[in-house]
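Me: I have a structure open and would like to talk through a few of its features with you. Shall we take them one at a time?

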Amino acid sequence: MAQDKMINVAADFSRFPGGRYLGDGPQSGERFRQELLTPALNDASIVTVQLDGTLGYGSSFLEEAFGGLIRVDGFSLSDLKQKLDLQSRNDILKYTVWEYITLAAEQIPA
Amino acid sequence: MPAASPEVIVHLSTADTIVSAVGSVVTWALVIYGWRVLRSDESKRDDRKELRQTIDTLIADVRIVETKSKQYYMTSPSECAVLQDEIISDQDILEARFTHLSKSTQRFQISACVAKFRTLTTGGEFESPSRTIVKADSRKIRDIALAAKEVIFSLEDEYSDIYPIRLTAKKWWFFGR
């Protein structure tokens, strides 16, 4: 049975995440998704992402990292609702990430 | 006038004592009631003042992020690495304060509005080295200003909902003239 997995962005990726694409820098949302988020979601039943501890996030990073799960990696909204658990003391940050995921799902042709 | 009998005098004296005791209790009750009313009013004034100060701080924070974001998009990507980090950090602090406000008051449910502001200030080409520099009268700059204004209006609307402005009859008369 697949185990739960925890990703702490500050500890496991960068305290200064930023940029959308790989070409925008080494701490981009695309790299975070490709190297950490997507493999974890493929392997684990529940993936908890701890967002606190960084300098902050640009929306470009968040949109590419989380919206890209649907747009690029083919996850569905219901998959992510079951498997992805976001943790942060900033409720608006969590709300924003789910907004990007939902928006990406809405833009996928049926 | 006939003299009162000793029994009548005793009765009158007892009645006097009772009236005096009741009067004393009533006086104290009124004093305590008045004190509690004053305390309650004072506490409400303090709550109102504290909330106003919190909102004023948040508005100032929104204005700071708005100003820095406008400056960022109007400046070359190679010249604003520090500004970029400041915007990200300020936005995070701003949202943490919003979260605290909505949790502690169980009101100010304006996440959608703040998220829109975040998307406009740090979405799209934010942090991209190939970002296009925009002019002060561009759509991007105006959208940021509009989103900031919407956040501020949402705060003010909720505040005036909690503490509506009460005009006394005298003030109404003044405004009517």
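**Strands, helices and buried residues**

In this predicted model, strand E1 (residues 5–8) of chain A and E2(A) pair in the parallel sense over 4 bridges.

Me: Happy to start with that pairing. Which residue in E2(A) does Lys5(A) stand opposite?
Reply: E1(A) and E2(A) are parallel partners, joined over 4 bridges. Within E2(A), the residue opposite Lys5(A) is Val47(A).

Me: Now the other neighbour of E2(A). In E3(A), what is the bridge partner of Gln50(A)?
Reply: E2(A) is joined to strand E3 (residues 84–87) of chain A by 4 bridges, and the two run parallel. Val49(A) has Leu86(A) as its bridge partner in E3(A). For Gln50(A), the partner in E3(A) is Gln87(A).

Me: Let's move to the helices. At what angle do H2 and H3 of chain A pack?
Reply: Helix H2 (residues 29–43) of chain A and helix H3 (residues 59–71) of chain A have their axes 9 Å apart. H2(A) passes H3(A) in a right-handed crossing. The packing angle is about 35°.

Me: How do the residues of that contact of H2(A) with H3(A) divide?
Reply: On the H2(A) side the contact includes Phe32(A), Leu37(A) and Leu41(A), and on the H3(A) side it includes Phe61(A), Phe66(A) and Leu69(A). Charged residues take part too, among them Glu30(A) and Arg33(A) of H2(A) and Glu64(A) of H3(A). The division is 7 nonpolar, 3 polar and 3 charged.

Me: Where does H3(A) bend?
Reply: 12 of the 13 residues of H3(A) are buried, so this helix is largely enclosed by the rest of the structure. H3(A) bends by about 25°. The bend is at Ala65(A).

Me: Is Glu63(A) buried or exposed?
Reply: Glu63(A) has its place in helix H3 of chain A. Not counting residues up to four places away in sequence, Glu63(A) touches Arg20(A), Gly68(A), Arg71(A) and Tyr100(A). Its relative accessible area is 15%, and under 20% counts as buried, so Glu63(A) is buried.

Me: One last stop, in chain B. How far apart in space are Ile87(B) and Ile64(B), C-alpha to C-alpha?
Reply: Ile87(B) lies in helix H2 (residues 81–105) of chain B and is buried, with a relative accessible area of 0%. Leaving aside neighbours within four places in sequence, Ile87(B) is in contact with Lys68(B), Ser69(B), Tyr72(B), Thr122(B) and Phe126(B). Ile87(B) and Ile64(B) are 23 residues apart in sequence, and their C-alpha to C-alpha distance is 8.7 Å.

Conventions
Residues numbered from 1 in each chain as written. Chains lettered and ligands numbered in written order. Predicted model: local features only at pLDDT ≥ 70, side-chain atom pairs only at ≥ 80, totals over all residues. Heavy atoms only, no water. Axes fitted to C-alpha atoms, helices over the stretch in contact; angles between N-to-C directions. Left-handed = near helix turned anticlockwise from the far one by under 90°. Contact = heavy atoms within 4.5 Å. Bend = angle between axes of the 7 residues up to and from the residue. Buried < 20%, exposed > 50% of the residue type's maximum accessible area, 1.4 Å probe, protein only. Pairing = 2+ DSSP bridges.
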